[in-house]
Amino acid sequence: PLFKGESGDRHLGDSAHSEQAAYEISQILWMGDLVPETVVRESEGEIGSCQRYIEDAKNANKFSQLTRYDGDENIARIAAFDLLMINTDRHSENWMLIPDGTIYLIDHGRTLRAVPKEKELPYYANFMVESDRRGLDKELGKIQNEWRDKWPVISANLKKNGISEDVIAESRKRFDDIITVKTFAELRDKYVLQGEVPEDNHFSS
């Protein structure tokens with residue numbers, strides 16, 4: 001497993017409990033195949049997250065725009081998941097692929113940390129932009145059917161992981177939008193700034 005201490009990225013607001021919540025909520029939403037197992041642990045006096053290591057995985061920015069996604073179903077699922085989780089950090093180094101093309105989502109320390117004051121940049125909303133571009137509204141309908149009754153369990157998990165009430169309220173608003181809109185275009189218009197994802201889409205920290 002990989003240990004990621006909070007102290008190294010504390011100035012950025014990274015949270016081990018957000019990492020754990022992302023994994024646990026992926027399980028609630030039947031998306032556990034996308035987020036590696038993650039738990040909060042203490043190591044040498046430091047709190048951090050411990051995540052299962054994925055063999056032979058490479059960051060998405062090592063792949064072309066045509067090969068960094070693994071199909072319409074997962075593109076749509078991840079777009080909805082990132083919106084629900086208030087993920088402001090899904091650049092192309094924050095998901096990975098293994099040789100058979102399977103996607104794994106990583107680095108959720110900056111999810112569920114604050115209510116955004118403005119719309120997200122397309123660069124950090126790859127999957128929402130791609131879902132809109134491909135018109136994956138049938139997949140959105142499937143997500144709505146699967147998620148519709150899940151908010152009470154999601155809410156309980158967020159509270160258990162110490163997420164603030166204002167962030168939980170924002171997540172609830174997004175959840176309601178996800179299960180009621182008819183198109184990804186509506187979600188993109190509401191939550192993402194106009195523009196496209198750059199072709200290279202490379203992020204360097």
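This is a predicted model: local features need pLDDT of at least 70, side-chain atom pairs count only at pLDDT 80 or more; totals for chains, interfaces and linings use all residues.
Local features are given at pLDDT of at least 70 and side-chain atom pairs at pLDDT 80 or more, while totals for chains, interfaces and linings use all residues; side-chain values rest on heavy atoms, without hydrogens and water, and residues are numbered from 1 along each chain as its sequence is written.

The chain contains seven helices and six strands, where helices (H or I, at least four residues) and strands (E, at least two) are DSSP runs numbered from the N terminus. Read from the N terminus, the order of elements is β-α-β-β-β-α-β-β-α-α-α-α-α. Of the 205 residues in the chain, 53% are buried (under 20% relative accessible area, with exposed over 50% and partly exposed in between; 1.4 Å probe, protein chains only). Among contacts (heavy atoms within 4.5 Å) between residues at least 6 apart in sequence, 78% join residues at least 24 apart.

Rings of Phe, Tyr and Trp (its six-membered ring) are taken to pair if their centres lie within 6.5 Å; planes under 30 degrees apart count as stacked, over 60 as edge-to-face and the rest as tilted. Six aromatic pairs are found by this rule. In one of them, the ring centres of Y123 and Y124 are 5.0 Å apart and the planes stand at 80°, so this pair is edge-to-face. Y123 and Y124 are both buried. A tilted pair is formed by W151 and F175, with 5.5 Å from centre to centre and 50° between the planes. Because W151 belongs to helix α5 (residues 151-160) and F175 to helix α6 (residues 165-180), the pair ties together parts that are 24 residues apart in sequence. W151 and F175 are buried. One aromatic cluster consists of Y69, W95 and F127.

The ring of W30 has the charged end of K150 over it, at 4.1 Å from the ring centre; the criterion is NZ of Lys or CZ of Arg within 6 Å of the ring centre and within 35 degrees of the ring normal.

Helix α6 also meets helix α7 (residues 184-191), the two axes coming within 10 Å and crossing at roughly 150°. Axes are lines fitted to C-alpha atoms, for helices over the stretch in contact, with angles from 0 to 180 degrees between N-to-C directions. Helices α6 and α7 are therefore roughly antiparallel (over 145 degrees; under 35 is roughly parallel, 65 to 115 roughly perpendicular and the rest oblique). E170, K173, R174, D177 and I178 of α6 meet L187, K190 and Y191 of α7.
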